[in-house]
Each structure stands twice: as structure tokens, then as C-alpha cells.
Amino acid sequence: MRLRGSLRVRVVAVTLILLTIGILVSDVLVLRELRRHLVDRVDRQVSALGQLMARLSPLMLSRTDPDKQGRLLGGLDLITEISVVYRDASGQVVGSSWTGSEPPVVIDGSAEPFEVDGWRMSVVPRADGGVVVVGASLAAVDDILTRLLVFCVITEVVLVAVLGVAGWFGVPAALRPLRNIERTATAIAGGDLQQRIPVEGPPGSEVARLTEVLNDMLARIEQGFAARAASEARMRRFVADVGHELRTPLFGIAGSAELHLMRGESEPGEVDRTMRRIDVEARRLTGLVEDLLLLARLDEPAAGPVVTPTPMDLRTLAADARDRLSTLDPDRPVTLTGPDLTITASARPAAIEFGPPGAAPVLGDEARLQQVVVNLVGNVHAHTPPGAPARIGVGTIGGRAILEIADGGPGIPAGEAERIFERFHRGETSRDRSGGGGSGLGLSIVRSLVSAHDGQVEVYNAPGGGAVFRVVLPAHADE
């Protein structure tokens with residue numbers, strides 16, 4: 001049977017059905033056990049009466065003697081009708097007496113009581129070869145059971161009705177958590193992802209645990225939607241930035257070509273200048289596209305590994321960084337030292353003494369790590385004044401290989417330490433001495449390449465001024 005309707009109706013209906021079945025089963029068992037007990041009492045009396053009557057003469061009984069009939073019922077319990085019949089050895093009736101309705105005819109049987117047509121009968125042998133048949137009606141027992149059954153039925157109907165009314169008004173209180181879940185789900189479906197289900201019930205109960213699980217799920221859903229919205233916003237910003245960055249060199253190429261065509265006959269020197277401008281913008285466009293492709297490969301693990309690690313030492317990159325800085329700005333003093341050991345100290349001194357450069361063995365892709373150095377060196381050259389000192393630190397601290405590039409510029413403005421690694425993000429103009437700036441992908445490539453080496457890149461301001469970019473990679477010990 002399949003119930004239809006609201007949960008309230010189904011809960012009440014199922015509860016009442018189960019309650020009714022339980023009461024009926026209980027009534028049947030109780031009535032059955034009670035009848036067995038009452039019949040046993042009747043049997044004991046019938047057996048005792050049969051043993052007594054077997055020793056008496058049949059002449060003592062008279063069907064028409066009311067006094068003798070009354071004495072037959074004297075002292076008997078649960079018996080309102082009784083029968084005593086004497087039979088001789090041939091089966092003929094030689095004496096009988098009974099009260100009430102006529103008993104069933106029994107010729108033979110056992111001394112143990114047995115039931116015939118609502119009577120309990122016992123056939124007891126006599127010394128003269130005959131038998132005495134004693135029987136007791138079960139009408140009183142059936143009457144007791146009938147009255148008890150009627151009482152049980154009336155009680156059951158009243159009880160089911162009362163519990164049905166109580167359940168109808170009590171179930172909504174038990175279903176209140178589900179209604180809270182329904183209201184919360186409706187609000188979330190309407191766009192309010194901050195809704196949560198109020199926790200009801202004692203801690204650790206089923207309702208409380210379900211509420212906690214659902215609230216945790218809702219929090220994760222909200223985080224997922226927020227992450228998706230943020231991702232879509234970043235994607236829109238990324239597409240807009242890519243379009244802007246690609247447009248600049250393309251306009252330069254198209255403008256130079258159009259200017260050359262408009263002039264018609266041009267002098268050889270003018271042609272060379274135009275071609276040089278086209279070549280510069282084409283190289284800039286090619287570099288931008290290559291950077292975007294590299295970032296796309298780093299973002300997508302399924303595209304395959306981008307780095308091929310081999311044993312190397314970061315001192316090679318440190319020396320290369322010093323040479324590049326000196327080449328870009330010959331007047332810039334560049335020192336090669338060990339890493340900054342006070343970076344994690346709670347109180348850093350204003351003047352720090354650096355040790356000599358140390359070994360920093362790692363498993364790394366030297367060509368990709370060269371890209372990291374090129375971008376960091378280019379960042380120093382672009383965002384610090386000419387001639388400003390720079391420091392390159394290399395060494396190992398606590399099982400980690402360190403490569404630092406520190407500049408003597410204005411440092412990182414507050415709130416920019418994390419944003420400078422975002423794609424197409426350009427720092428404050430106070431750190432830009434060129435006025436134009438790059439594409440804004442350099443530091444993003446740095447962080448992605450370092451992450452591909454299971455490392456991290458950190459940035460902080462030095463106590464004496466300037467920014468410090470620190471590349472941290474797992475140190476590699478030669479076996």
C-alpha cells in the first residue's frame with residue numbers, strides 16, 4: 001500500500017496503522033493466553049469432579065431433583081453448566097444429570113479433559129466396568145473473553161483516535177527542522193546564498209547532525225559560487241587585458257605599415273626606420289603570445305610537464321643575474337651575498353650583515369629558472385632608479401635553497417605584495433621609472449614557474465628600503 005499526501009499525513013497515517021496492528025496483535029496474544037489459563041482452571045475442576053463421581057452410585061443422580069443439580073455446581077468456579085452421565089459396560093445410560101442446556105453426547109474418550117462443541121469433557125472409568133462422563137460448559141469462559149474483547153476494541157478505538165489527534169498537531173513540531181530546511185532552500189534558490197539552517201535539537205542528535213552537514217554543504221556551495229564568480233571576473237579582466245596588450249603592438253605594426261604606404265616613394269633610411277619599428281612591435285607581440293602560452297601550459301597539468309628537472313646549483317643563476325644587471329645598468333653597484341637570515345625574526349635590525357654566497361643545490365629546469373631570473377632582473381631594472389644598488393643572495397637555509405634579488409628602489413607599497421603576482425597587474429607608478437611598464441605577466445610567470453618546481457616566491461621590503469624577491473626551492477642533496 002502506497003500512501004499519498006503530505007509528509008504530515010503520511011507520518012500520522014503510518015504511525016496509526018502500526019499502532020493499530022500492534023494493539024491487535026497484543027489483544028490476540030492476551031486473549032489467547034487468558035483463554036488457555038481459564039480452560040486449564042475448568043479442566044482441573046472437571047477432572048476432580050470426574051474422579052469424585054466415579055466413586056458414587058448412579059442412583060444418587062436425578063434429573064428432576066433441583067437440590068442435587070445445585071449441589072453439582074457447588075464450589076465450582078467458571079462453570080455455570082455441568083453434565084454427569086453414567087454408562088454401563090455396554091454403553092447404556094444408567095444415570096444422568098445436567099444443568100442448563102443439554103450437553104453433547106459422548107460415549108468414550110480419555111480421562112484427560114477434551115473439548116466437544118464448547119464443552120470440556122472427561123470420561124472416567126468405574127470399578128464395575130462402566131464409565132462416568134463429566135462435562136462442563138465453557139459458556140462462562142467465552143462470556144468473559146467476549147466482554148474483554150469488546151472492552152479492548154472500544155479502548156483501542158478511543159486510543160487510536162486520541163493519538164491520531166495528538167499526532168496531527170504534534171507532528172508539525174517534529175517536522176519544524178524540515179520546514180526550516182525548506183525555507184532555507186527556497187531562499188537559496190532565490191539567490192540568497194548566505195542563508196543557513198538554524199540548528200535545533202540537542203547537540204549530537206540526528207537533526208543537529210543533519211543541520212550541521214547541510215550548513216557545511218551550503219557553505220561549500222557558496223564558496224563554489226563565489227569562486228566561480230571570481231574566476232569569471234578574472235577571466236573577463238584577463239580577456240580585456242589580453243586584448244589591450246595585443247592591440248598595442250598590432251596598432252604599432254599596422255600604423256607603421258600604413259604610414260609607409262601613404263608616403264609612397266620613401267627614402268631608404270625611412271624604410272629602415274619603419275621596418276625597425278615593425279620589427280620591435282612584432283617581437284613584443286611574439287613575446288606576449290609566448291608568455292600567454294607558457295602561462296596556459298602551467299595552468300593546465302593535462303598539457304604535460306613544462307619543466308624537466310636536473311641537478312643544478314642556484315649559484316649559477318645568481319652569477320647570471322649579476323651579469324645581466326651589470327649589462328643593463330653598468331653604473332648600478334651589484335653585490336653577491338648569502339641569503340637574508342633575519343627575515344623571520346620578530347625584530348629585524350636596520351643594518352644587516354650578509355654572509356658570503358653559499359651552495360644551493362636543487363633539482364630544476366635551468367632554462368625555465370633562467371626565465372625567472374630574467375623577469376626578476378627586468379623588474380629591478382624597470383622599477384628602480386638608475387644606479388640604485390642591488391643585492392643578489394644565494395645559499396641554503398633549513399633544507400631550502402634560496403635565491404634573492406634585492407633592489408634599492410622605493411619598495412612594495414602596502415597591499416601590493418600579493419597583487420603584483422596577478423596577471424597584467426602593474427605596480428604603482430612610484431616603482432616605474434620607464435613610464436610605460438611591461439605587459440604585467442613577468443611576475444605571474446615567475447610565480448608559476450617556481451610553483452612548477454614545488455617552490456614558492458616571496459616578496460618583502462628590506463629594513464633599509466627597497467624590495468626583496470626571494471625564490472625558495474627544495475634543496476637537493478647529491479647521493
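Visitor: How many helices and strands does the chain have?
Guide: The chain has nine helices and 12 strands; helices (H or I, at least four residues) and strands (E, at least two) are DSSP runs, numbered from the N terminus. This is a predicted model, in which local features need pLDDT of at least 70, side-chain atom pairs count only at pLDDT 80 or more, and totals for chains, interfaces and linings use all residues. Residues are numbered from 1 along each chain as its sequence is written, and side-chain values use heavy atoms, with hydrogens and water left out.

Visitor: What share of the residues counts as buried?
Guide: Of the 479 residues of the chain, 34% count as buried. Buried means under 20% relative accessible area, exposed over 50%, and partly exposed in between (1.4 Å probe, protein chains only).

Visitor: And what is the accessible surface of the chain?
Guide: The accessible surface comes to about 27,200 Å², and carbon and sulfur atoms account for 59% of that area. Accessible areas come from the Shrake-Rupley method with a 1.4 Å probe; for residues, only the protein chains shown count as cover.

Visitor: Which residues form the nonpolar patch on the surface?
Guide: Val9, Val165, Trp168 and Phe169 form it, with about 390 Å² of accessible area together. Patches are made of residues with over 30% relative accessible area and no salt bridge; like charges are joined within 9 Å, and nonpolar side chains (Val, Leu, Ile, Met, Phe, Trp, Tyr) within 5 Å. Helix H3 (residues 139–174) gives the most to this patch, with three residues.

Visitor: Where is Val165 found, and why does it count as partly exposed?
Guide: Val165 is found in helix H3. Val165 counts as partly exposed because its relative accessibility is 49%.

Visitor: Changing topic: what is the strand order in the open sheet of five strands?
Guide: The order is S2-S1-S5-S4-S3, with antiparallel pairing; two strands pair if DSSP finds at least two bridges between them. Strand S2 (93–98) and strand S3 (114–116) are the edge strands, and each pairs on one side only.

Visitor: How many bridges join S3 and S4?
Guide: S3 pairs with strand S4 (residues 119–125) over three bridges, in the antiparallel sense. Val116 stands opposite Trp119 in S4.

Visitor: What does Ser83 touch?
Guide: Leaving out residues up to four places away in sequence, Ser83 touches Ser97, Trp98, Pro103, Trp119, Val133, Val134 and Gly135. Contact means heavy atoms within 4.5 Å.

Visitor: How many salt bridges are there?
Guide: The count comes to 13 salt bridges, where a salt bridge is a side-chain nitrogen of Lys or Arg within 4 Å of a carboxyl oxygen of Asp or Glu. One of them joins the side chains of Asp313 and Arg315 (3.1 Å, N to O). Asp313 is buried, at 17% relative accessible area, whereas Arg315 is partly exposed, at 41%.

Visitor: What about Arg470 and Glu404?
Guide: The side chains of Arg470 and Glu404 meet in a salt bridge (2.5 Å, N to O). Arg470 lies in strand S12 (residues 467–474) and Glu404 in strand S10 (residues 400–407), so this pair ties together parts that are 66 residues apart in sequence. Both Arg470 and Glu404 are buried.

Visitor: Which residues do salt bridges with shared partners join into one network?
Guide: Arg35, Asp43, Glu115 and Arg120 are joined in this way.
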